[in-house]
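Please work through each task before reading its solution.

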Amino acid sequence: MEPGDKVENFRLLDQKGGSHELFYYDDQKALIFLVQGNGCPIVRHAAARFQELKDIYKDQEVEFFMINSNLQDNRLTIREEAKEYNYDLRILVDDSQIIGESLKLSRTGEVFIINPKNWSVAYIGAIDDRLTYENQKEKASKHFLKDAIDDLLKDRSVSVPRTESLGCLINFPNKAEKQLISYVDDVAPILVENCTVCHREGGVGPWVMSDHKMVKGFSLMMREVVRTKRMPPWHADPLIGEYSNDRSLNAEEVKTLVHWIEAGAKRGDGPDPLKQVKLSTSVWANEEELGPPDYVIEIPSTDVPATGVVDYKYQYVKNSVGKDIWVKATEIVPGDRQVLHHVITSFGPTETRGPRKGKLKFRERKGLRGYAPGINSNPFPDNSGTFLPADATFEFQMHYTPVGRATVDSTKMGIWVADEKPEHEIFSMIMLNPRIRIPAGAKEHKESVSRAVSKDSLLYSVLPHAHYRGKKMVVAAYYPDGRTEILLSVPNYDFNWQTSYDFQEPKFIPAGTTLIQHQWWDNSAQNKANPDPTIEVTWGDQSFEEMLFGAYMMRVLKEEEVPYYRNLVSKN
Ligand code: HEC
């Protein structure tokens with residue numbers, strides 16, 4: 001990296017699980033980085049002065065970060081090092097090394113400044129002239145970094161943009177192997193596994209990964225969306241919880257994909273695996289296992305324009321089944337997958353009076369599986385089902401995103417009925433806080449909701465929900481024995497993706513547990529999705545209003561099941 005070099009956007013998690021996108025900080029005057037690496041004495045010395053500078057420039061539109069691209073470090077060991085050496089800074093963890101590589105980082109201990117006005121490097125080198133290997137001056141006589149920051153704050157060009165710095169060399173070993181990555185054996189399998197569910201004919205993705213040529217054409221864009229973690233759409237912290245529907249790429253896969261693209265996205269030999277992706281022909285994914293649905297609920301059609309923003313639409317449909325039933329599965333089939341981004345399904349009795357007339361009663365609503373690309377519609381687990389009364393009303397929250405052509409969406413929901421009352425009743429516990437008030441302009445406003453669970457239960461999945469200003473979420477359990485567990489962390493919430501996080505193994509929630517959902521919103525102009533940063537935002541159905549909402553799919557344990565789960569917990 002040299003002064004004047006342009007930098008590309010990226011998104012990384014910090015050591016504590018916070019998510020940071022470089023280009024988010026375009027309202028700042030300077031972004032200052034110290035290249036961190038565990039075990040490097042130069043870094044440890046530099047860090048103290050770096051943190052002093054951070055305090056000096058507090059409230060001056062300057063952001064300080066560390067960044068770690070070391071092959072041998074990971075978030076947990078970085079967290080340990082930060083604790084031991086009292087680093088009070090966000091350390092961006094470049095676990096796949098692709099960001100450090102593209103920034104051409106070479107040594108830990110080095111500092112650099114990015115100027116957000118033109119996304120170029122304004123300074124790179126040492127903090128000051130105090131440190132040499134195995135030697136330190138009492139006091140620095142030249143303050144390179146500080147002078148450079150002062151230049152930028154005064155809108156001057158940086159007078160000394162380059163100095164030499166000491167530090168430990170960073171090893172980027174896989175760089176040399178870029179040319180050897182095989183499309184057929186290494187890359188295509190990653191795409192088939194993680195992308196083609198959506199990027200296929202009739203899928204929700206805007207383009208089809210039909211063959212090598214198509215992928216090569218989109219490869220630079222693929223590199224961009226992977227660097228910024230827009231794709232694949234999965235927003236949970238990988239260190240917390242395990243989910244059966246996890247569609248994220250791990251660091252190795254990211255590295256393989258990006259390196260292959262950077263080496264020219266070559267085809268190589270062998271048959272193209274993308275040409276062998278099989279498409280199912282039945283309308284209902286459940287059809288193979290369960291046959292056609294017993295009932296189909298047609299959701300009234302919606303005109304979707306070619307462009308613009310379509311607000312969340314709420315469709316209220318009377319249950320037409322005609323009798324009380326036990327539901328073992330539901331599945332939503334979108335009319336037009338390209339425009340229908342998600343459906344959240346609830347049912348219950350409606351208000352008969354007042355301004356909410358015709359809408360579901362807040363406290364009595366229950367959830368059913370909704371729709372979002374990748375949300376599973378499998379039958380409810382463990383021989384369980386949900387009771388659907390004849391007189392219920394369905395609420396479908398529909399979110400459309402125009403794709404450049406006008407269309408009419410006619411979506412439907414299939415219902416599969418259990419022959420007899422299932423062994424367990426599954427229910428969606430709803431958490432919501434309608435008293436939220438999000439101040440105008442706030443970059444990170446937090447509110448919470450909690451609920452005590454009164455019976456020993458299993459928790460299968462969590463779907464946390466906010467609108468355009470949603471920023472992040474954390475779900476935690478406070479167990480009666482005093483333990484606390486973070487069940488889910490979504491550091492980079494994206495309103496476009498309503499993901500139900502399905503636990504690999506259901507979570508045992510003993511009676512007396514309190515579940516807490518914390519949620520943060522970004523109501524500032526920095527949030528590019530924010531419809532209006534100048535107003536206070538409160539609860540409301542529409543996407544320009546906000547929600548603190550979660551649907552928790554659970555069931556109550558039978559008495560004889562409880563000892564097994566208690567045992568599991570005490571073993572841990
Ligand atoms: C769950 C569905 C889904 C999966 C899985 C998915 N995509 Fe996408 N992808 C979309 C949708 C929808 C869009 C368009 C909207 C957007 O950009 O968010 C998109 C857009 C893109 C774009 C174009 C970005 C733009 O807006 O121009 C690229 C490139 C891309 N995806 C690559 C990938 C890659 C690579 C993977 C796998 C590693 C992947 N996607 C996995 C649904 C998906």
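**Exercise 1.** Does Met-231 count as buried, partly exposed or exposed, and at what relative accessibility?

*Solution.* The model is predicted, so local features need pLDDT of at least 70 and side-chain atom pairs count only at pLDDT 80 or more, while totals for chains, interfaces and linings use all residues. Residues are numbered from 1 along each chain as its sequence is written, and side-chain values use heavy atoms, leaving out hydrogens and water.

Step 1. Buried means under 20% relative accessible area, exposed over 50%, and partly exposed in between (1.4 Å probe, protein chains only).

Step 2. Met-231 has 26% relative accessibility and therefore counts as partly exposed.

**Exercise 2.** Identify the protein donors of the iron atom of the ligand, and state the arrangement of the donor atoms around that iron atom.

*Solution.* Step 1. Donors are N, O and S atoms within 2.8 Å of the metal (3.2 Å for Na, K and Ca); water is not among the atoms, so sites may look incomplete.

Step 1. The protein contributes His-199 through NE2 and Met-231 through SD, at 2.0 to 2.3 Å from the iron atom. The two residues link distant parts of the chain, being 32 residues apart: His-199 is in the loop between H5 and H6, and Met-231 is in the loop between H7 and H8. Helices (H or I, at least four residues) and strands (E, at least two) are DSSP runs, numbered from the N terminus.

Step 2. His-199 counts as buried because its relative accessibility is 9%.

Step 3. Six donors count as octahedral if opposite donors are over 155 degrees apart and all others between 65 and 115. The 6 donor atoms around the iron atom subtend angles of 83 to 179°, and the arrangement is therefore octahedral.

**Exercise 3.** Describe helix H7 and how it meets helix H8.

*Solution.* Step 1. H7 spans residues 219-227, and its buried residues are Ser-219, Met-222, Arg-223, Val-225, Val-226 and Arg-227. Their cover includes strand E1 (11-14) and the helices H3 (98-102), H5 (183-194), H6 (212-217) and H8 (251-262).

Step 1. The axes of H7 and H8, which are lines fitted to C-alpha atoms over the stretch in contact, come within 9 Å and cross at roughly 145°; such angles run from 0 to 180 degrees between N-to-C directions.

Step 2. Contact means heavy atoms within 4.5 Å. On the H7 side, Ser-219, Leu-220, Met-222, Arg-223 and Val-226 take part, and they meet Val-254, Leu-257, Val-258, Ile-261 and Glu-262 of H8.

**Exercise 4.** Which peptide bond is cis, and what is its omega?

*Solution.* Step 1. Most residues other than glycine have a negative phi, and most peptide bonds are trans.

Step 1. The bond joining Met-231 and Pro-232 is cis, with omega about -15°. Pro-232 is placed in the loop between H7 and H8.

**Exercise 5.** Where does Val-327 lie, and which residues does Val-327 touch?

*Solution.* Step 1. Val-327 belongs to strand E13, residues 325-333.

Step 1. Its relative accessible area is 1%, so Val-327 is buried.

Step 2. Leaving aside residues up to four places away in sequence, Val-327 touches Phe-380, Gly-385, Thr-386, Leu-388, Ile-415 and Trp-416.

Note on methods:
Tetrahedral: all angles 85-135°; square planar, octahedral: opposite > 155°, others 65-115°.
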